[in-house]
Amino acid sequence: MTKFVVRRILQAIPTLFGISLLVYAIMLATPGGPVAALTFSPTVTPQERAALAAQLGVNDPYPVQYLRWLLGDDWMRFDSDGDGISDTAYLIPLDADGDGEPEPPGRRRGILRGDFGSSFFHGKRHVVDVIFERLGATFELGIASLVVGLTIGIPVGVLAAVNRGGYFDNFTRVMAVVFNALPSFWLGLLLLLVFGGTGLGLLPMGNRCGIVLVGGCPPFYERLEYLFLPTFVIAVGGVAAYSRFMRASLLDVSGQDYIRTARAKGLSGRMVWFRHGLRNALIPIATLLGPTVTGVLSGAAITEQVFSWPGVGRLVVSSITQKDYPTVMAVVMFAAIATILGYLLSDMLYALIDPRIRLR
Amino acid sequence: MQLALRRFLRDRLSMAAIGVLLFLALLSFGAPIINALTNTNSRSIAADSFLPPFSPGHILGTDDLGRDHLARLLEAGQVSLSIGFLAALLSLVIGVTIGLIAGFIGGRLDDTVIWFITTLNSVPLFFIILIIAAFLSPNATTLILALGFFGWTGTARLVRGETFALREREFVISARAIGSSRLRIMYSHILPNQLSIILINLAIDIGIIILVEAALSFLGVGVQPPQATWGNMLTFSRSFFSHGPHLVFWPGFLIFITVLCLYVLGDGLRDAFDPTTID
Amino acid sequence: MKFALRVTLVLVVLCMSSLSAMAQEGGIVVRGNAGADPTAFDPLLINETVTSDIHALIFPDLLSVDPATASIVNGPGPNALATGWELSEDGLTYTFSLREDMYWTDGEQIDADDVMFVWDFIQSGAVPTHLSFVADEIANVEKIDNFTIAVSFAEADCDAINSIGSLEPYPSHIAPEDLTTMPDQEFNQNLYVSSGPYTFGEVRPAESISLLANPDYVDAEMGFVNNDAFVLLNVPDLTVMVERFLAGELSIISGPQEARRAEIYAAEEEGRVQIYTYPGNSWDYLAFNLADPANPQNATDEDGNAIDQGMHPVFGSTEVGRDVRRALNLALDVDDIIERATFGEGTRMASHLVPASWAFDPTIEPIPSDPALAAQMLTDAGWVNSDPDDPSSVRVCQGCATAEDGTEMRFVLNTNEENARRTAIITIAQESWDKIGVKADIQTLEWGSYREALLSQTLDAYVIGWRNGYPDRPDATQLFTPASDVVGGCSNCMSYDNPEFTAINEQARILPGCSIDERKALYAEAQRIIQADTPYIFMFVRNGFYAAGSEVNGFDPFPSQMLWNVDTWSIAQ
């Protein structure tokens with residue numbers, strides 16, 4: 001098992017490398033770039049803008065810029081004699097803006113050393129800190145929608161398989177697509193209007209918990225009503241996927257020899273379904289965990305916006321619309337890591353519950 | 001194949017879906033004719049904003065600026081359906097080509113393709129599209145290109161897997177033995193056998209893309225007005241609940257019914273092509 | 001069945017406020033904010049809408065502003081450190097005496113050092129700050145003694161006092177030695193020292209920021225802060241924000257979407273909410289480029305000599321083409337645009353001064369709507385319909401003053417994306433102009449690209465807006481003088497240049513004695529010149545709109561000042 005995990009992590013390295021290249025390429029293709037995003041005020045003169053560009057290093061060759069992001073620039077331009085003025089430079093000029101003075105020593109350590117840089121917004125704080133304080137909320141929503149998706153999706157899938165071709169099967173077939181055919185922001189808004197204070201008044205209309213002055217939100221089981229609607233909106237995708245998947249899987253299993261054998265032995269229909277069929281049919285569900293991570297993250301981008309949920313999804317949207325380059329790049333890298341972990345976890349789960357599969 | 005077709009034609013739900021989709025497409029792309037009949041267009045501004053449906057001269061009423069709602073919906077339909085269809089088609093062409101070549105040739109090339117697909121799949125596609133839409137000015141063309149160039153991985157993976165399996169099958173081996181070129185084998189022997197994947201994916205992808213377009217509009221980075229799409233009409237209409245509920249209903253309903261039909265169609269195709277389905 | 005907001009109060013807060021507040025009525029004021037979600041707060045470093053709101057509630061001001069007149073008062077005022085000023089004979093130095101009864105929440109006295117620190121910080125340039133403009137306007141700040149400071153200017157400026165207001169006291173005793181580390185200090189994340197009606201509570205990123213009633217607030221109108229706390233709740237979606245206000249989850253809302261105001265008025269009819277409206281201070285306009293967009297030039301070279309900027313083929317330059325611009329203005333029914341684009345929630349403007357400004361001249365009427373006259377004027381100016389029988393056929397130049405004969409009257413009208421109001425304006429303008437043969441191609445640009453294009457002065461015509469400061473300054477140096485016409489960094493990006501206007505504007509700015517009436521007359525003349533030159537089609541100022549639930553007691557706003565008396569508010573349970 002350890003061997004397998006290590007190997008999979010090693011395999012993830014080229015993938016992450018590819019993502020870093022992809023993210024960087026998209027950023028480079030952007031008109032204006034970070035300089036335009038940082039110098040927003042009309043009172044900034046073209047000279048000031050040019051100086052900032054030199055400082056940020058956006059005039060350096062692209063590979064150098066990529067290296068800086070990856071490995072930092074504290075080794076590209078530094079102070080070797082301790083007088084606080086940089087005197088040595090590799091790859092980049094000592095005096096980038098051409099004013100005759102060397103630029104200050106590089107301070108960035110690069111993403112490989114955990115330095116994703118400072119956000120352009122959020123008080124110029126470290127991007128990693130900004131992301132970490134948002135993770136909890138998205139994690140909460142993700143787990144909740146996964147649980148809801150599984151607890152509704154699996155029984156529905158089983159019943160549909162048992163009643164194959166019957167009314168219930170057709171009904172679920174339609175319901176599975178009906179909720180997913182609505183734009184999710186629209187579904188969210190409609191639910192909010194129906195169940196919120198201006199409608200039936202049954203549920204709160206957003207945020208993670210009620211007004212708390214000091215001390216943070218209470219534990220989640222004391223504020224389930226706040227989780228209800230956003231979870232539902234994200235979970236409809238899961239319910240549809242799991243129920244269809246479960247139905248197909250169960251039908252597949254039911255055609256296999258050991259089920260026929262069991263039947264031949266004279267076990268009752270229901271016994272066969274639940275004793276033998278269900279257990280084996282559940283196994284492939286584990287493979288859905290990886291895609292679920294991507295689903296939750298994309299779903300969160302919209303749902304968190306509608307329900308004022310303080311998670312990563314909203315951070316993604318706001319950093320993209322604000323052109324907060326360091327945050328966008330970091331968030332995409334984090335999303336990729338989360339997805340890769342999701343796939344890894346689902347492979348491990350798969351192996352743990354299915355004796356036929358051995359990890360190599 | 002013929003069995004599948006027959007089965008598909010007998011699926012009433014799928015046939016109804018096709019009917020609805022054709023009807024919507026005809027309406028949207030026949031907008032000039034309809035406008036001529038109703039004597040309106042999507043640009044001219046009537047004296048009254050928020051006219052209710054069935055007002056004289058405006059079958060579905062007018063919008064916040066006083067433009068004919070039906071004409072706007074039809075124009076938006078052209079854009080939304082085109083984005084959905086063209087983007088899905090583009091990603092399909094890319095996906096099928098790459099999947100075929102990777103699966104058929106295998107080896108180093110296949111490894112590279114798999115690496116590339118894994119890489120792209122590790123980031124939620126929605127984030128990539130969001131970045132591209134926000135950083136480059138969003139319009140119908142950039143959206144089609146972005147969705148097309150980044151949305152092909154799923155298809156490619158399926159096609160590659162299928163090709164992998166097919167290339168060891170007898171008819172391919174015999175085609176090789178008689179000296180058919182690789183290209184020929186791919187096109188005349190392997191591709192036709194992938195028709196089911198292609199059709200199913202096309203239907204589902206168009207639906208997904210129409211939803212993505214609406215989601216991007218909601219986040220403010222979709223196709224921008226005055227160019228109308230169903231997505232941005234729905235987005236902007238959400239503040240008009242009290243002024244003109246019809247402005248909220250129609251774009252939402254059209255997206256819903258279109259996507260629903262596409263999903264039902266995809267489902268129907270899958271059932272029809274599924275060899276395990278008992279007739 | 002209404003879901004009651006679950007309110008968790010920390011005991012300490014309750015005890016502390018109940019000690020000082022014998023008759024305190026309590027309650028929590030909840031306000032929604034749609035914009036950015038701030039996570040850094042140092043008032044010297046951060047200046048976003050939400051953080052400024054917070055600073056106003058937990059930090060003292062230097063000067064006192066009369067909320068009713070929006071003017072700075074030479075005298076004491078609540079939560080203002082200065083008790084008044086004396087102006088030197090040359091009109092260049094203001095000497096302020098400071099109060100001796102104000103303390104930071106950690107017990108440290110607020111004194112001249114806390115003001116000097118701000119000035120030193122601005123001058124040090126240690127960290128980029130939004131206050132850097134203060135150093136351009138103020139020549140020097142000097143500490144006379146612990147409770148006296150003197151602020152001097154290089155030239156007399158009637159609005160000088162406004163820039164002094166930016167020197168708001170800062171708790172200098174907690175500032176680090178090395179100013180460059182200020183962004184990394186704890187104070188930037190948690191304003192643990194303050195002085196005002198509230199103290200900083202807790203930040204839950206992207207969700208809420210709580211401010212707690214300050215039991216030691218010296219200037220409390222009732223002797224104590226009448227409510228328990230003020231909470232800013234982050235609600236990113238504007239539609240949801242209005243719904244949550246109507247549902248009672250938010251106690252106050254400011255500037256909701258125009259399209260939703262009808263519903264709030266309806267709730268007022270039912271007695272569920274209270275509303276206050278006023279002519280606001282953000283205004284939209286349609287600007288014409290008055291220079292050659294193909295060859296953008298600065299107004300002057302480095303030595304101050306004027307540069308020939310050419311003229312726009314349709315709109316001309318400041319002197320040439322006034323008739324064409326006036327005709328384009330006449331062709332639009334701006335009142336109708338206000339009705340459709342803002343649901344009637346806008347107030348028509350006649351010139352660049354907002355109706356709320358003290359220098360606003362109500363006798364200047366806006367340019368009316370008269371499409372027939374507009375068509376005639378265009379024809380007279382040498383732009384005639386290509387098909388004489390079709391008034392909507394494109395006009396071509398035949399003896400016009402700005403372009404070669406045969407040039408078609410076509411241009412691009414831009415605005416930024418994601419703004420339904422401005423998109424409506426350009427859509428309606430296009431349609432109205434189309435009827436008299438003026439063909440505008442309308443385009444919305446993503447904000448960053450729009451800004452780049454605007455600053456590089458390559459656009460034809462564009463719709464955008466300004467938001468005036470508070471208190472308002474009628475000076476138009478930034479808007480309409482060559483000094484602000486620099487390619488790449490302009491605020492007079494359409495290259496308006498009328499020496500007469502520039503002179504009058506300057507005269508009003510530095511008028512010896514600063515007589516209000518004389519300045520008013522000068523600004524009225526400036527408004528007339530601008531209207532006659534028509535560099536902008538003035539549209540409307542967006543009406544300010546504040547609303548509070550009926551449970552809020554004490555809600556009594558002034559223009560741009562919803563919260564001036566928030567310490568007396570209470571929330572009925």
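Two strands are said to pair if DSSP finds at least two bridges between them; strands here are DSSP runs of E of at least two residues, and helices are runs of H or I of at least four, both numbered from the N terminus. This is a predicted model, in which local features need pLDDT of at least 70, side-chain atom pairs count only at pLDDT 80 or more, and totals for chains, interfaces and linings use all residues. Residues are numbered from 1 along each chain as its sequence is written, with chains lettered from A and ligands numbered from 1 in the order in which they are written.

I begin with chain C. Strand 12 (residues 273-288) and strand 18 (residues 461-467) of chain C pair in the antiparallel sense over seven bridges, and C:Ala287 stands opposite C:Tyr462 of strand 18. Strand 18 also pairs with strand 16 (residues 410-416) of chain C, in the parallel sense over two bridges. There, C:Leu413 stands opposite C:Ala461.

I turn next to chains A and B. Contact, meaning C-beta atoms placed from the backbone and lying within 7 Å, joins 33 residues of chain A to 31 residues of chain B. Among the elements giving two or more residues to the chain A side are helix 1 (2-28) and helix 13 (325-353) of chain A. That side has 23 nonpolar, nine polar and one charged residues; Ala, Val, Leu, Ile, Met, Phe, Trp, Tyr, Cys and Pro count as nonpolar, Asp, Glu, Lys and Arg as charged, and the others, Gly among them, as polar.

Finally, B:Leu130 touches A:Ile320, as well as B:Leu216, B:Leu219 and B:Val221, leaving aside residues up to four places away in sequence.

Definitions and conventions:
Contact = placed C-beta atoms within 7 Å.
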